[in-house]
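Student: Please take me through this model one feature at a time. I would like the cut-offs too.

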Amino acid sequence: MKLRIFTEPQQGADYDTLLAVAKATEELGFDAFFRSDHYLAMGGSDGLPGPTDAWITLAGLARETSRIRLGTLMTAATFRLPGPLAIQVAQVDAMSGGRIELGLGSGWYEEEHAAYGIPFPEEKLGRLEEQLEIVTGLWSTPAGEKFSHEGRHYRLTDSPALPKPAQRKVPVVIGGHGKVRTPRLAARFADEFNMPFASPVDTERQFARVRAAAEQQGRSPDDLHYSSALVVCVGKDDAEVARRAAAIGRDVAELKEHGLAGSPAAVVEKIGQYERAGVSRIYLQILDPRDLDHLQLISDQVRTQLP
């Protein structure tokens, strides 16, 4: 079981804060640092000092870290045109020495689009599918050849399909709760399928849909990695758990039911339930990125207890 750190910077975190988290992620033995791709705070947060851009952040972290994987859960397809996105990700992959993973989703938060003047189309899954076709097509086009695409939403003509990523293939992460189109997209394009914020039972059911879709595509279901994203709130005792829950504005009982919360032993046991459901990677959603002692505790008393 690999543990990955997953941040939500739109809730209030500047680059220096994210850099501290990424360095702790690397030093404490976690597998990866991922971040959301949002421009507007949610819930009761004021979002101060303001949003940071996901790929600018990852470009900086690519030069400041050396081991951990870096990526997004999820880059919003509504935010970027697919051609420039392929260039951005390829460049950051080269800057990192080949450690980038691209989580790509349709985009869903209408308010942030309105706040920053970003078009919010009604039909989003079709755009996502075309973006996946274009980004992966640009990367896989042999050097010296051209790439073209004639679709409903995008048209590319004689693209040189450059630059190429440092990796032979940048891993693509697709996720979500959709029962039909999401598994189909994962089967076509994904190296990893992520089921966010779901119970072990619902996670296992969605994994079964993805595996079935992969077989229908003529692909081995075991070609994919299967992961979860869950909020985490660990404490040495009940008082510390309560303090950390209060700091992120959440209820302890709710966190224990829907996330990974409680003592290290309780969290290890809950992770075991997800492992039995087929999960091999868990993205730990860290909602208080300034609490680096939290990462230390998880590394010392949770990560080290996992197989």
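**Helix packing**

Student: At what angle do helix α6 and helix α7 pack?
Tutor: Helices (H or I, at least four residues) and strands (E, at least two) are DSSP runs, numbered from the N terminus. Axes are lines fitted to C-alpha atoms, for helices over the stretch in contact, and angles run from 0 to 180 degrees between N-to-C directions. α6 covers residues 181-189 and α7 covers residues 200-216. Their axes lie 8 Å apart, and the packing angle is about 50°.

Student: What kind of model is this?
Tutor: Residues are numbered from 1 along each chain as its sequence is written, and side-chain values use heavy atoms, with hydrogens and water left out. Local features need pLDDT of at least 70, side-chain atom pairs count only at pLDDT 80 or more, and totals for chains, interfaces and linings use all residues, since this is a predicted model.

Student: Which word describes how α6 and α7 lie to each other?
Tutor: Under 35 degrees counts as roughly parallel, over 145 as roughly antiparallel, 65 to 115 as roughly perpendicular, and the rest as oblique. The angle here is about 50°. So α6 and α7 are oblique.

Student: Which residues of α7 make the contact with α6?
Tutor: Contact means heavy atoms within 4.5 Å. α6 brings Thr-182, Pro-183, Arg-184, Ala-186 and Ala-187. From α7 come Gln-206, Arg-209, Val-210, Ala-213 and Ala-214.

Student: How do α1 and α2 lie to each other?
Tutor: Helix α1 (residues 15-27) packs on helix α2 (residues 54-64) with axes 10 Å apart. The angle is about 45°. That makes α1 and α2 oblique.

Student: Is His-149 buried or exposed?
Tutor: Buried means under 20% relative accessible area, exposed over 50%, and partly exposed in between (1.4 Å probe, protein chains only). His-149 sits in strand β6, residues 147-150. Its relative accessible area is 11%, so His-149 is buried.

Student: With which side chain does the side chain of His-149 make a polar contact?
Tutor: A polar contact is a pair of N or O atoms within 3.5 Å; within protein, one must be able to donate a hydrogen and the other to accept it, and residues adjacent in sequence count only if both atoms are side-chain atoms. Beyond four places in sequence, the contacts of His-149 include Tyr-154, Arg-155 and Leu-156. The polar contact, at 3.0 Å, is with Glu-130.

Student: What is the relative accessible area of Thr-203?
Tutor: Thr-203 belongs to helix α7. Leaving aside neighbours within four places in sequence, it touches Met-195, Ala-198, Ser-228, Tyr-274 and Val-279. Thr-203 is buried, and its relative accessible area is 0%.

**Backbone exceptions**

Student: Which residue does a cis peptide bond join to Leu-73?
Tutor: Most residues other than glycine have a negative phi, and most peptide bonds are trans. Another, with omega about -15°, joins Leu-73 to Met-74.

Student: Is Asp-158 buried or partly exposed?
Tutor: Asp-158 lies in strand β7, residues 155-159. Its phi is positive, about 50°, although it is not a glycine. With a relative accessible area of 48%, Asp-158 is partly exposed.
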